[in-house]
Amino acid sequence: MSAATTCSGVCEVPQSRAEVWRALAVLEPYCAVCDVSYVMGEAAGAPGVGTTFVCAPGRLDGGPPAPGAPQGEIVDWEPTRLVTTRLVLTPETWTTRIELTDTEADGTRVTMTITHEPTGGGRVVRRLQRGALRRLVQRTVDAELEKVPAHVAQVPNGA
């Protein structure tokens with residue numbers, strides 16, 4: 001039995017797939033919607049598979065993230081269509097897959113799948129926590145999908 005818990009959800013927005021991609025897949029140094037700062041890894045060039053980042057709560061304003069801040073990596077990257085990131089925390093790993101498709105009304109359908117995988121604890125503990133974890137992961141998916149319009153609103157027109 002796998003220790004991973006996976007949940008999905010879908011939302012639609014009226015903006016183009018390119019605009020939604022810029023809002024959801026291109027990491028800015030600070031996201032006001034999530035109140036999170038991102039520090040990209042040392043690799044030069046455009047983001048893609050293997051790009052690393054650190055995710056820190058709040059605004060860093062050029063300062064370094066705190067020791068132990070979650071480490072992330074882009075594991076799938078198909079511009080304007082698919083991005084998957086893996087965020088490693090001490091007791092768990094969160095993988096977020098965002099798929100974008102066009103709607104018939106020239107908008108974008110966002111399908112988000114989040115997987116939570118504990119990195120510790122025994123099989124009995126994971127079995128006892130399974131229901132609570134499923135609810136947590138689904139609430140996380142739902143909360144992230146609710147933020148999609150706010151993320152898109154942050155993208156400057158024509159950016």
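Colleague: Which residues does valine 110 touch, not counting residues up to four places away in sequence?
Modeller: In this predicted model, valine 110 touches Gly9, Val10, Cys11, Val20, Leu24, Ile98, Glu99, Leu100, Leu145 and Val148.

Colleague: And which residues touch the most other members of the largest nonpolar core?
Modeller: Val110 and Val148 do, within a core of 28 residues. Helix α1, residues 17-24, supplies the largest share of this core, with 4 residues. In soluble globular proteins, nonpolar side chains tend to be buried together.

Colleague: Cys11 was among those contacts. Is cysteine 11 buried or exposed?
Modeller: Cysteine 11 has a relative accessible area of 15%, and therefore counts as buried, the limit being under 20%.

Colleague: How many disulfides does a search of the whole structure find?
Modeller: The search finds 0 disulfides. Cysteine 55, for instance, is in none; the nearest cysteine sulfur belongs to cysteine 34 and is 8.3 Å away.

Colleague: Why does cysteine 55 count as buried?
Modeller: Because its relative accessibility is 13%, and buried means under 20%.

Colleague: Turning to the strands, what is the sense of the pairing between β3 and β4?
Modeller: Strand β3 (residues 36-40) and strand β4 (residues 52-57) pair in the antiparallel sense, over 5 bridges. Within this pair, serine 37 is placed opposite alanine 56 of β4.

Colleague: How many bridges join β4 to β5?
Modeller: There are 3 bridges between β4 and strand β5 (residues 71-78), and these two strands run antiparallel.

Colleague: Which residue in β5 stands opposite valine 54?
Modeller: Glutamine 71 in β5 stands opposite valine 54.

Key. Residues numbered from 1 in each chain as written. Predicted model: local features only at pLDDT ≥ 70, side-chain atom pairs only at ≥ 80, totals over all residues. Heavy atoms only, no water. Core = buried A, V, L, I, M, F, W, Y, C linked by side-chain atoms within 4.5 Å. Buried < 20%, exposed > 50% of the residue type's maximum accessible area, 1.4 Å probe, protein only. Contact = heavy atoms within 4.5 Å. Disulfide = S-S within 2.5 Å. Pairing = 2+ DSSP bridges.
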